[in-house]
Amino acid sequence: MIEQWTGHLRPASLHSERWSALCEEVLLRGGLVVRRGGGLEFVHQTLLEHLAAQATAGDPVRNRTAYRSIVGRWPRRRRVAPLAAVESPYVDFLISSWSGRPGFARLLARWTRELFGAQYVARLSGEGVALPRQVLQAATRELLAVVRNERRDPFDRLRAARALVDLGDARGTAEISSFAAFPGHDLGSRLHAAEILVDLGAAHAHELPASVADDQEADTGRRIRAAEILERLGDKRGARALAELAQSSDIWWVDRLRAAETLDRTAPDSAAAILLGIAVDGRTPTHIRSAAVEALSRLHPYSASRSLREAAGDQERPVPSRSRALEALEWLGGKDSVECLVRIAHDSSEDRLLRLSAADGLSRLRDPRVVDALAHLLTGPSDEPALVLRAAEALARQSDPRAADALAALAATERLTGPERLQASQALLSLSDPRGRDFLYALAGDPAAEIGLRLQAAVALDGAGDPRALYPLTIIALHPSVPRVSQILAAERLDQFRTRKAADALLSVLDNPELLEEMRVRAGTLLADLGDDRARRCLEWLAQSAFGPTPRIRAASALGKIAPEDGCRALEEMLTDSTVDAHSRIRALGTLCRAHPERARQVLLDVAADAYQVTTVRTHALALTRGRLLPETTTAHRAIAAARDLSPVVRVGAVHVLQHLGGADVLDLLGQLAEEPNRYLQTKVLITLAQLRHAPAATAARNFVFDPKVPIHNKFEVLQVLVGSPVGELRRIVRDVSLGAVPSDLLRDHCRALLAEARRPGPRTVGTS
């Protein structure tokens, strides 16, 4: 067009081709057009960008500011090309206008010392910007160095070769061709090189893609990419390879879908048939079928619906395939899709599962045109309640009252499964029909129903604000055979029993003698935690008459929270009950000590002094007598420790209690017990005296260690405590034994090891008090 406008200015001696090249060069130097894809294009993306660039270049102040922001201030110029220059026509226009500045050529030459800058200079040259020769030469040298450097990343080498092509260097195309043909490179990089060759119009660009597309062992993604390259070249082998890949059952569904979409560019009919097969295949994942339907409607908007309707109505197709076609029609929507779904849902000669699929599709469409069709399905045969249920649910979502009677009949029938009856009840509840609550309550309390189903019904009933839901929720939360997850979910609906929301339901569970005692005790415990005095009577009965000591202990513990005296009395009665084993008595003692320490102080003393009590219980009672549970006097425990007719274990327990109480009378008694003939008692008493740092006990300890009749393991126990005592007389016994005072090499070596350990710096591992 410019050539025609300026034709009258062309000298007669200048050939028209030369004149055309001159006009093109003038346009390129003007900076408004660039050479792209074999033609001239406007440099800017929008007219506003063009006006902004012109205003910046024409204003000296703005031009100077832009120059400093892009190039930098002197003497710190940018050593690399600015990132803002990447595909920015605005920056390209400004740099073109600065090409005549003094020193700008040296700056561009400095940019070409790295790949990004050389590539940028090559792009400017390819778009027709007039650049100095030395800059182009520097860029060529850098690009050739990158291309021939085998240590560089293959992608960088391809970028450099493509930039050489922009500079008009034929070596760039040759390097790209050799890169694509060399088998040592990564196949993805080689295919990228082949794509570049296709863009450059190279004659031999089809060789590598053809070999990769036919390679059965190659990666599927690479084969599809190679077939796409062949398709761009117009090679029929590309379409054939894409069709084979799209129909192959040995590759991933995603790759098949991608191949089918790519095939649509050259063979739309084949691609449509393949996409339709993917959309109606029962083995196809849902998201792939959805993507196939979307691709079919996008690529073939006028024939997609017709093809799916034909597939849905084809009697020779399998029912699952026709159901998938109906689902695809539902996704497409539209008048034709609704009519097809309605026709199949009404046709009594069609397969029942197919009619259910159509009814489901109609229920999800929420289209006002489907209401009458769904209402017609309510009058269907009575032998198809599942079909009627789908239609009634859809009408309920439309708030149509015509579904109420049908839903009530479905919720009451035994021909439906439990989940289907639950669906009918919930749909009836959504219509604000009171019958929905009754059906949900019956389902939540049905002992024959699955526990998960009962929980869903109770939760739905509670969501409707019906207080009757609290009792079944409480039963589910407390029943020991219910899975833990269901118990937690039910308890969450009841505020984890931390509020009085479920107090009445808990009381109903507690008063029901037909339920498990474990559930009743748990209910009583929760009521006691809430401080509800109504649980007192039942807890008293359970604490006395429950089967087994465990629920009796738990009931007594809960009773003590609301009636401390009664709870203590129940636990004390268990301690003297002959039907309660020793282990349960010990548990009752522990519960009493934790819940009522003041009362437990006297109970522990009574149990320890009870001659008729089991030895293990007495020993445990003495072991619990610590801290705030210690008695005020030592009389009773001194009597127990001094009684020679008692078990040594009980007497040692009393000695440990006396050790915590202390006092001169205790030391006198322990001194007497140190002379007892029982070696076990004598050992524990000597250890206690050493821990109390009682120096007069040295004589008894020496006699004990030097006595040849005392078992050696008892001596070891005493010596291990004596070595760490701060009392010198006690430590001296160990030293004497280590020097051979006792004719026993084993004792001497042991005492030497104890003394060596005691002298070692740091924390001690033996001889601690």
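Author: Arg693 counts as exposed, because its relative accessibility is 54%. The structure discussed here is a predicted model. Arg693 is placed in the loop between α41 (679-691) and α42 (697-706). Its phi is near 60°, a positive value in a residue other than glycine.

Ser432 is not a glycine, yet it has a positive phi of about 60°. The loop that holds Ser432 lies between α25 and α26. With a relative accessibility of 65%, Ser432 lies over the 50% cut-off, and so it counts as exposed.

Helix α25 covers residues 418-430 and helix α26 residues 434-444; the angle between them is about 150° and their axes are 7 Å apart. Angles over 145 degrees count as roughly antiparallel, and α25 and α26 are therefore roughly antiparallel to each other. The crossing of α25 with α26 is left-handed. On the α25 side, the contact is formed by Gly418, Arg421, Leu422, Ser425, Gln426, Leu428 and Leu429, while α26 supplies Arg435, Gly436, Arg437, Phe439, Leu440 and Leu443. Sorted by class, these residues comprise six nonpolar, four polar and three charged.

A further helix pair is formed by α30 (residues 503-511) and α31 (residues 517-529), which pack at an angle of about 145° with their axes 8 Å apart. The crossing of α30 and α31 is left-handed. Helix α30 contributes Ala503, Leu506, Leu507, Val509 and Leu510 to the contact, and helix α31 contributes Met519, Arg520, Ala523, Gly524, Leu526 and Leu527. Nine of the residues in the contact of α30 with α31 are nonpolar, one is polar and one is charged.

The next matter is the buried part of the chain. Of the 769 residues in the protein chain, 49% are buried. The largest nonpolar core has 121 residues, and Leu143, Leu263, Leu326 and Leu407 have the most contacts inside it. Helix α23 (residues 385-397) gives the most to this core, namely nine residues. A second, separate core of 67 residues includes Leu422, Ile475, Ala543 and Met574; Leu422 is also one of the α25 residues in the contact with α26. As for Leu263, its contacts beyond four places in sequence are Glu231, Ala239, Leu242, Ala243, Pro268, Ser270, Ala271 and Ile274.

Asp462, in helix α27 (residues 451-463), counts as buried because its relative accessibility is 13%. Apart from residues up to four places away in sequence, Asp462 touches Ala469, Leu470, Leu473, Arg493 and Lys501. Leu473 is eleven residues from Asp462 along the chain, and their C-alpha atoms are separated by 8.9 Å. Ser125 belongs to helix α7 (residues 115-126). At 19% relative accessibility, Ser125 falls under the 20% cut-off and so counts as buried. Beyond four places in sequence, Ser125 touches Leu131, Leu136, Asp166 and Leu167.

Among the contacts with a separation of 6 or more, 55% join residues 24 or more positions apart.

Key: Residues numbered from 1 in each chain as written. Predicted model: local features only at pLDDT ≥ 70, side-chain atom pairs only at ≥ 80, totals over all residues. Heavy atoms only, no water. Axes fitted to C-alpha atoms, helices over the stretch in contact; angles between N-to-C directions. Helix = DSSP H or I, 4+ residues; strand = E, 2+ residues; numbered from the N terminus. Left-handed = near helix turned anticlockwise from the far one by under 90°. Contact = heavy atoms within 4.5 Å. Nonpolar A, V, L, I, M, F, W, Y, C, P; charged D, E, K, R; others polar. Core = buried A, V, L, I, M, F, W, Y, C linked by side-chain atoms within 4.5 Å. Buried < 20%, exposed > 50% of the residue type's maximum accessible area, 1.4 Å probe, protein only. Parallel < 35°, antiparallel > 145°, perpendicular 65-115°, else oblique.
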